[in-house]
Amino acid sequence: MTHPPRLRAEDRADFAAAVDLALGTADIRDALAADPDGRSAAHLRAGTLARADTLAAAAAEPYRVCLSLRGAARRETPPGGVGGPLPALAVLTPLVAGTSAAALLLVGGVLRAVRTPGPLPGSLAAAGWTLALVAALSGLVALAALLRTALRRDAVPPAPDQVEHARRVRRRALLDHGVLPHLRHLLASSPEAAITPRFPADTLTPCPARARKDTTPCSD
């Protein structure tokens, strides 16, 4: 069984926006109209935000699509930044190594042909063959990198408007299938309990002995 993706921190603002949209719909706004000071709406909002991970599961599939498109867009190399100096190094290394190998082998061969005494001809030839091996290996690495780049370019990256469209679809699904049913269920099943503030009203009454403008709750 596939579990719904957990709501990421960067997407909690979208969840909060969906909650605000739900609280602004006509039926819920009318149900909360009996509390003009807005404390009931704030109470409902806080409780719904606390259940963000649970309610977000109602839009799990659109959320997966949104995350997939966003991840694909982030993996794309930005224009003008083709990977820094590494691609240039991958191209230059085989050229430099191959040219140096050819020069060393040529000089070593000439010295051997004229029967130059000492280890110099052999050393030059050995260095030339070593550089030739480096050139061959680095050429293979560069070729593999080019093939990988070509394959990545064949996969068309998602356009920014595709990512934004997926985000809007996901937020709509979250609103219609998650937040709105939750709020309507609370208001229909137990409207008084749903809109009752977290703290009873009498605990928010100022102490008589304090100044008239002091609204600090009594603790005694």
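D27 is partly exposed at 37% relative accessibility (buried means under 20% relative accessible area, exposed over 50%, and partly exposed in between, with a 1.4 Å probe and protein chains only). Its side chain meets that of R184 in a salt bridge of 2.7 Å, N to O (a side-chain nitrogen of Lys or Arg within 4 Å of a carboxyl oxygen of Asp or Glu). This is a predicted model, where local features need pLDDT of at least 70 and side-chain atom pairs count only at pLDDT 80 or more, while totals for chains, interfaces and linings use all residues. Residues are numbered from 1 along each chain as its sequence is written, and side-chain values use heavy atoms, leaving out hydrogens and water.

**Salt bridges across the sequence**
- R184 lies in helix α8 (residues 160–189) and D27 in helix α2 (residues 26–31), so their pairing ties together parts that are 157 residues apart in sequence (helices, H or I of at least four residues, and strands, E of at least two, are DSSP runs numbered from the N terminus).
- R70 is buried, at 13% relative accessible area, whereas E10 is partly exposed at 43%.

**Other salt bridges**
- R64 and E61 form a salt bridge of 3.3 Å, N to O, between their side chains.
- These two residues are three apart in helix α5, so about one helical turn separates R64 from E61.
- R64 is partly exposed, with a relative accessible area of 26%.
- A network of salt bridges links D14, E164, R167 and R171.
- The whole structure holds 11 salt bridges.

**Helix packing**
- α1 packs against helix α3 (residues 39–50) at an angle of about 145°, with the axes 10 Å apart (axes are lines fitted to C-alpha atoms, for helices over the stretch in contact, and angles run from 0 to 180 degrees between N-to-C directions).
- On the α1 side, the contact is made by F15, A16, V19, D20 and L23; on the α3 side, by A41, L44, R45, T48 and L49 (contact means heavy atoms within 4.5 Å).

**Helix α6**
- V96 is found in helix α6 (residues 85–113).
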